[in-house]
Amino acid sequence: MTMRNWAGNINFHPRSFLEPSSLPELQHAVASSSRCRILGTGHSFSPVAVTDGDLISLAKLPARIEIDPERSEVTVSPGIRYGELAAVLHGRGFALANLGSLPHISVAGACSTGTHGSGDRNGCLASSVVGIELVTADGELLRVSRQSNPASFDGHVVALGSLGVISALTLAVEPTFAVRQEVFDDLGFDHALDHLDELFSGGYSVSLFTSWTRPVFDQVWRKRRVGESDPRPQADGDASWFGARSADSPRHPVPGMPAEVCTEQMGVAGPWHERLPHFRLDFTPSAGDELQTEYLVDRSHSADALRSLQTICTLIAPALLVSEVRSVARDDLWLSPAFGRESIAIHFTWKPDALAVAPVIRRIEELLEPFGARPHWGKVFFFSPTYVAAHYPRFRDAADLARSYDPAGKFENDFTSTYLRSSSQLG
């Protein structure tokens, strides 16, 4: 059997493909397996979900969205997509604090890999997790929460599937809210770097896009909660922002791509879940013909890191579709790339040519290494296990937690054994 991820850059050969349709079936599948991994929506560009054992899909488990209004929480099945969950929450008067750029990704997969949205006050998507139901290696059902497991809960949330199979997640919610989305064109690169803190604080979520072909950020996407004022309004109102011109029509981040696949812009207010993502749930933004790489850098190094990358813009641009820069709030989740520090995320969407892209990524990593960049677990990267382990203060604790749950390595694959088990033996 041959399986491939969404982008098609990874092909692998699981022993079997299992689709349990109930929790007991899932427990039996896990208990009976000697080696297994879980498949989400397949949007990871790294081999984090690859296995030569049993591949288990959670897509056929009963859909579960249980809202507890008194506790401001929702418990969901692991395979539900954020866009589907968000519509139900909004209909009941609730919201999540943040969403990623794609509403198509599954809740459990995104949380397990530290996937994030953007915003100075917005942590990664896993920051909203307050409880986990987990099927352990022996098929038992375990429930952990911040209240019942305060010492280790932060190690359970972003765990790369190394502790067991998530059968449900409980997320914190808040009252629903509305957002306006505006796009601005041609923000000067140097001017932006001189005002990064002001730019990122100028909205609930702000994204800077560049093709690295000119010394500008080609587009700035600003998302503001309705009622949230601009802390630095321009003299001519919304016609410009930090010198960038207000877009005269909707935009797609990649030049030449149709804007109708994107969420509504032009300052039109709408529900949070129809503005915080860049792309609409009812459209597939691309066919997977791309590769992605992303690094999170300490906010204090953001301008220097970006200036360093500008020195190789002629190397980056030919292999690139678009690059995005956004802010991410710090968190305390042991394996989150934003652990312990306010961060900026530097994202690259590449053309689907792995051979051409690989040397560019390696050069980027050489330049970002002095800034302590942490790679996104679900994207393409080449940093060594030694380097990665050294840049997570709780890394050994995370590896020890994985070993305590799974001493026989049932949930391991080459990726996790390289970056968790072997790295935990270093130093």
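Which residue forms a salt bridge with R224? The points below take this up with other features of the model.

1. **Basis.** This is a predicted model, in which local features need pLDDT of at least 70 and side-chain atom pairs count only at pLDDT 80 or more, while totals for chains, interfaces and linings use all residues. Residues are numbered from 1 along each chain as its sequence is written, and side-chain values use heavy atoms, with hydrogens and water left out.

2. **E182 and R224.** The partner of R224 is E182, with the closest N and O atoms 3.0 Å apart. A salt bridge here is a side-chain nitrogen of Lys or Arg within 4 Å of a carboxyl oxygen of Asp or Glu. E182 sits in strand β13 (residues 178–188) and R224 in strand β15, so the pair ties together parts 42 residues apart in sequence. Helices (H or I, at least four residues) and strands (E, at least two) are DSSP runs, numbered from the N terminus. E182 is buried, at 9% relative accessible area. R224 also counts as buried, at 11%. Buried means under 20% relative accessible area, exposed over 50%, and partly exposed in between (1.4 Å probe, protein chains only).

3. **R225 and E174.** R225 has a salt bridge to E174, at 3.1 Å from N to O. R225 is in strand β15 (residues 216–225) and E174 in strand β12 (residues 174–175), and the two are 51 residues apart. R225 is partly exposed, with a relative accessible area of 25%. E174 is partly exposed too, at 23%.

4. **R275 and E264.** These side chains meet in a salt bridge of 3.4 Å, N to O. Both ends are in loops: R275 between β18 and β19, E264 between β17 (244–246) and β18. The two residues are 11 apart. R275 counts as buried, at 4% relative accessibility. E264 is partly exposed, at 42%.

5. **Salt bridges overall.** The whole structure holds 28 salt bridges. R64, E66, E133 and R143 are linked in a network of them.

6. **R374, a buried charge.** R374 belongs to strand β22 (residues 374–375). R374 is buried but has no salt bridge. The nearest side chain of opposite charge is D331, 7.0 Å away. For charge, Lys and Arg count as positive and Asp and Glu as negative; His and the chain ends are not counted. What lies 3.1 Å from a polar atom of the R374 side chain? The backbone oxygen of P337 does. The polar-contact criterion is a pair of N or O atoms within 3.5 Å; within protein, one must be able to donate a hydrogen and the other to accept it, and residues adjacent in sequence count only if both atoms are side-chain atoms. Leaving aside neighbours within four places in sequence, R374 is in contact (heavy atoms within 4.5 Å) with residues including E294, Y295, F339, R341 and H391.

7. **Cores.** The largest nonpolar core has 115 residues. Such a core is a set of buried Ala, Val, Leu, Ile, Met, Phe, Trp, Tyr and Cys residues joined through side-chain atoms within 4.5 Å. L169, W272, F348, W350, I364 and W377 touch the most other members. A second, separate core of 11 residues includes V30, C36, I56 and L58.

8. **W272 and H273.** Not counting residues up to four places away in sequence, W272 touches A86, H90 and L99, among others. H273 lies in the loop between β18 (270–271) and β19 (291–298). H273 counts as buried, at 15% relative accessibility. Leaving aside neighbours within four places, H273 is in contact with A86, A87, H90 and L99.

9. **I38.** I38 is in strand β4 (residues 36–39). I38 is partly exposed, at 26% relative accessible area. Beyond four places in sequence, I38 touches A49, L55, I56, L58 and V165.

10. **Helix α12.** Which residues of α12 (residues 414–421) are buried? They are F415, T416, Y419 and L420. These residues lie on the same side of α12, because they cover an arc of only 90 degrees around the axis. The arc is that of the directions from the helix axis to the C-beta atoms. An α-helix has 3.6 residues a turn, so residues three or four places apart point the same way. The buried residues of α12 pack against β4, α10 (385–390) and α11 (395–405). N413 caps the N-terminal end of α12, with a side-chain oxygen 3.1 Å from the backbone nitrogen of F415.
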